[in-house]
Every structure is written in structure tokens, then in C-alpha cells.
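Please consult the sequence and structure shown here.

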Amino acid sequence: MSLPADLRIEPLLATCRQGLAAAQAYEAAARHSVAALIAPAGEIQAARLDEHQFAAHAFAWTATYVEALRQLLAWAERADAASRLAELDALILQAGFGEYLAQLANGIALAQGEIARPADLGLDDAPQLREPAALTLIRRGNSAAVRTRIAALMRDGDFGDAGLDDDTLAMMRDQFERFSAERVTPFAQDWHRADRLIPIDVVEELGALGVFGLTVPDEFGGLGLGKMAMCVVTEALSRGYIGVGSLGTRSEIAAELIRLNGTAAQKQAFLPRIASGEILPTAVFTEPNTGSDLGSLTTRAVREGNVYKVYGNKTWITHGARSDLMTLLVRTEPAPGYRGLSMLLAEKPRGSDAAPFPAPGMSGGEIKVLGYRGMKEYEIAFDGFTVPAENLLGGVPGQGFKQLMATFESARVQTAARATGVAQCALELGLAYANERKQFGRALYEFPRVSGKLAWMAVETMLARQLTYFAAREKDQDRRCDIEAGMAKLLAARVAWANADNALQIHGGNGYAEEYPISRVLCDARILNIFEGAAEIQAQVIARGLLSGRN
């Protein structure tokens, strides 16, 4: 089936532009309505934000959907201008607009059992989405026939043009997809089932390929590339296994902290060794009773002459035992809340399974987890652990929270790329199984409920990918992108979970067996809605930013 006559390429693009205008008008109405609830005098009132939290978060998701549609359309327009907008790409555009406009009008799933409808935003209805072009897309954009055609076009593994628009990035993607196919995918399930650390030779190979220094300036031994390159590499590696795609996360965070805030001596001491993979960092921020409330941290570092001595407890430390360097957030000043926090660059010896933390003044153990196992999670207790005073990041105490906040944009963009890779992995596992598995004399793929699931998975993965790339490009242009990064992380994490859940459903009972990789991918996908800011935190950040006047 070809595109409907009124939705061929040029008319389709025009219809989507009109549909986007309708969605933007609906978003503006939602913003005005929610602002009246929580900022009636022009400034957000904390008590009202708490009272109307569901409305605020519904608005955040509404704005995220509209931005995702804006970026999907921009992707298609760039491809059309380069004469490479294929039928599959056009259908992905059409289905994406049809489904997201329908959800805007009728209800967005914030989570299982939480549906945000216009009334939840204080709106009686969504008349903006009854404009003719929007109605056409809602009624016909993501029809069963469209999903059937998408499924036919992608059956052999074509998932649409990624929209990199850069030969170097395309070459990097191909290189790391080959690495994943050869060095990761065949072994990931065994690593997961045995709850093993990713073999150190794989880590060292990634170091040699420059993964840990992608965005480190070349003067410090890095590749000096941008966040788009980070996204491309992260997605390709996470497509093989989220653990491998996440190996560079802590290096990225540590390098960004030091690059933006470190003294000249700290940059010279740490950045080249991070870039080469000689030292593996870990992020030590979270405490047992604080979660996302970093202002309540109680781990303290007491200055004694030329050293700090650290006391307190930290938890959810990824790659904690094998790491060489901790970016350690502690309270050094008597000031309350965020103002008393500082960041220490705390070196430590690598541990082993038998002795995970062999340094004096620290102890701890592994936290057993369902998925995301290749680096392992730990809790750490500090009792007089010593850090040289010269390793206070930037040399000025009380700046830790501000320093950390400056890295959140990059961390969330990188997490969105990880989520997109996991979503793509789930899609491909579901597709392969549906093609291979025979039931009632036919491949599962030939049943519309199966192929239709996979078609929508491909569409929504592209939506997440383009929103993630947009946030990365904003960061590369040195534009503030906390809202855009939060949107990308929010959407991509949900897509990864939905794809994994649907792919496991396609596997049926076999999907629940440990021998099938989709069982691992389901466990891995679940964490994405929690770490680097839970979905609720992301929605809060987005709503606050937009309703405070950030565009």
C-alpha cells in the first residue's frame, strides 16, 4: 500500500506542519491553564506546584510530545531537502504525528495507570487539535494499514534514516555497531546471567578506541568531539548491551566536572588519564536517605591540615569497586542545603570481588540488582577516608552542587542516548524472533498484532532518537538545554521500557526465560526511568523551567 493520495511527500510535509502548528497552539493553551493553577501571580508557588503536581507533569509531557513532533518534522524536512526521504521515513513521520496528536487530544500515558487528559490540564477540550490537518493525521496517520506498510518495509532490518547528516558521525556509528556485534552482543547475556563485570579487555579496547575521551579536549589527550558524537557512540554500544554503553558515562561526568571547574593542575593530572582509560572514574553522589534531594546530603569532609577526612555513607555507586577515581560530593561547610557542598576528586585503589574497597577508611559491599549488571552497584561507608586538600575540585569549597548541576545536561543527553540504544536493541530482538518463530504455519511477523507492535516501536524509537540528537546539538552550540535534555531523557526512557515490554510479549513464554536476551533487556530498560533523575523529577524540571519562562 502506498501513501494515501492526499499524504504524498509534499502534501504530507505540509499537513504535518499544520498539525505541528495545532499541537503548538494546544501546548500554549495548556501552559496558560497550568500557569494559572501554580503561578497565578507570575511566579511559581511551591505549595501550588505540590497541590497541582499532576497538572504540571501532564504539561511537561505535553511539551515533550510537541518538541518530539517538531524534531521529527525537522528530521524529515532535512532528509527531503537532501533528496533522501524514503517511503519508510515518510510513513514514520506520518505515524508519529498521527499517534502523538491523538494522544495529546485524548490522553498521554505518563506511566502505567497514569493518563493525562486535557481536563487534567484544566482544559475542557482540545479544540486546537480539531483543525483539519490535525484531524486527518489523528484519523489516518497511524492506521493499521500504515503500520502494516511500515512493517513490510522494515522486515529486513531497515529502520529508517538516522538523520546524522554527517559522514564522520555515520562512520563512527558503523564502527561501534561493528564493535558491539563482534565484542559485546554474543557475550552480553552470559555476563548478565553470571552477574560478571564486563571483561577488562573490553574496557581497555574501548579506551584505545577513544570512548572515554570523546569530549575531552585534544590538548588533554581526548578526541575533542561534541555531544552528538557521544550520543552516536553511546547508542551504538548500548544497542549491544547497556552496561557497555554506560562504561563511558562516569568518565564523561568526571571529565566534564574537571574540564569546567578544575584547576590547571587538576586538569593536567586527571583529564589525560581519564581520556586514555588509564583511570576509571565513578560518581559518588547519592546517599541512602536522600535520593534526588542532594541538598540533604550528610556525608561530611573535615579539613585537617593538608587533607580532608570523609565520614558518612553513600549508595548506588556504579562501577565502584573497579574504579580508580571518585567524584565525591560531600558537605564541607556549615551552610545548610546546597551551599555547604563540595566536590572532591578522591583517588582510590581498584578493588576485587573479595576486597571491593581495600583503602583505609572505606568499606562497603555489592547491591544485587535485576539488571544493569556489567559494572555492579555498591554501597560505601566512609570513616576517616583521606583525600588531599589539593583535590578539592576548583580549589574553592562550597561549590559542589553548582559544579554538579553544570554536568546534568550532558549526563541526561547521554542517558537518553543509552535509552535509545536499548530501545533499538529491543526492537531488533523482537523483529528477529517474530521472523524466526512459526505459529499456525506462519511466521509470527505475519500476524498484524505482532508486526504492528514492531512498526510502532520503530516509529517511537525514531522520535526518541531525533529528540535526543536535538538536545545534543543544542549542547554542542553552547545553548542552554536543561529542558531539552530532560525531555529527551524522559521520552527515551519510556520508549526503551515500552519496546522491551512489547518485544518480550512477542517472545511469549520464551521471553521470560533467562536464556533469551530479551529477558535481560527488559530488566536493563527498567532502570532508565529511575537513574539520572527519575521520570517524575524530569517532569518537574521541565514544568518548572517552562512555566518560569524558559522557552
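**Basis**
- The model is predicted, so local features need pLDDT of at least 70 and side-chain atom pairs count only at pLDDT 80 or more, while totals for chains, interfaces and linings use all residues.
- Residues are numbered from 1 along each chain as its sequence is written, and side-chain values use heavy atoms, with hydrogens and water left out.

**Terms**
- On a 1 Å grid over the protein atoms alone, a cavity is a set of points where a 1.4 Å probe fits but cannot get out; a pocket is an open set with protein on both sides within 12 Å along at least five of seven lines; lining residues have an atom within 4 Å of a point.

**Largest cavity**
- The largest cavity has a volume of about 120 Å³.
- V211, L214, M230, G248 and Q414 are the closest to its centre among the 18 lining residues of the largest cavity.
- Helix α11 (247-261) provides the largest share of this lining, five residues.

**Largest pocket**
- The largest pocket holds about 1500 Å³ of space.
- Its lining comprises 48 residues, of which S292, I530, F531, E532 and G533 are the closest to the centre.
- Elements that give two or more residues to this lining include β5 (307-318), α13 (400-436) and α17 (535-547).
- The most comes from α13, with nine residues.
- Helices (H or I, at least four residues) and strands (E, at least two) are DSSP runs, numbered from the N terminus.

How values were computed: Grid points are joined across faces, edges and corners, and a volume is the space filled by probe spheres set on the points.
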